[in-house]
Amino acid sequence: MAANRPGVVAGLLLLAIAGCSDKPSENRATPDTARLVKNLPSGRFQLPTKHTPAPDFWIELPPGYQVKFVGRLPSDEFYIFRSDDPTLADSTATSPGFLRIYMGTVAQTGLDSRTTFTETGAQLMSYHTRWREWKEPTSGGKPFYVAEIAAQDFFQTTFPNLKKTPLFLHIYIGGTDTTQVAALMAAATTLATTP
């Protein structure tokens, strides 16, 4: 997987989660649990940053989803997936729907120069942006639906204290189930800096 192109492969979610064992690593750290907000409403999750100056975020997720912090220096990264996602048990399966949120120093995109995509407007907090959406084939023949926001100036325009910080936001959603992909797109727009 290239650093700036997450790409879509059948076992993407499994590889991402499996590659994130809970063993200590000099490049990976769990967020400071002292900062975690307790007693959040059902479906509300904190995305605590560890490696970047980005603030912690909170997100409202559909039922059945969970968050895994997979950040490594110098980035913060979160995978959001259902506990019944088939890719967790079968590396040949394709995820029906997952969400990846990346905050880091390298611009990210899932697009390549040959990809045809559509764009629709979106808003993250006070930041106006666009969803880029496209389909990719899978080995099983089902289309894999992808939506991304590659916001190169989100932090600089939204947070005055980060105006000169080279920090990028990438939101990447993929899956074979259009209902799950749409629900995750809606969830991504609930990102906020308050619980």
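In this predicted model, helix H3 (residues 178-188) lies across strands E3, E4, E5 and E6 as well as strand E7 (127-137), strand E8 (143-151) and strand E9 (168-175), and H3 runs at about 160 degrees to E9. Helices (H or I, at least four residues) and strands (E, at least two) are DSSP runs numbered from the N terminus, contact means heavy atoms within 4.5 Å, and axes are lines fitted to C-alpha atoms, for helices over the stretch in contact, with angles from 0 to 180 degrees between N-to-C directions. Residues are numbered from 1 along each chain as its sequence is written. Local features need pLDDT of at least 70 and side-chain atom pairs count only at pLDDT 80 or more, while totals for chains, interfaces and linings use all residues, and side-chain values use heavy atoms, without hydrogens and water.

The strands form an open sheet of 7 strands in the order E3-E4-E5-E9-E8-E7-E6, with antiparallel pairing, where two strands pair if DSSP finds at least two bridges between them. Strand E3 (65-69) and strand E6 (118-124) stand at the edges with a single partner strand each, so one side of each is left without a neighbour in the sheet. From one strand to the next, the twist averages 20 degrees.

Within this sheet, E4 (residues 76-82) and E5 (residues 98-104) pair in the antiparallel sense over 6 bridges, and Tyr 79 stands opposite Arg 100 in E5. E7 and E8 also pair in the antiparallel sense, over 6 bridges, with Pro 143 in E8 as the bridge partner of Pro 137. The hairpin of E7 and E8 has 5 residues between the strands, and Gly 141 takes a positive phi near 95 degrees there. Between E8 and E9, the antiparallel pairing extends over 7 bridges, and the bridge partner of Val 146 is Gly 174 in E9.
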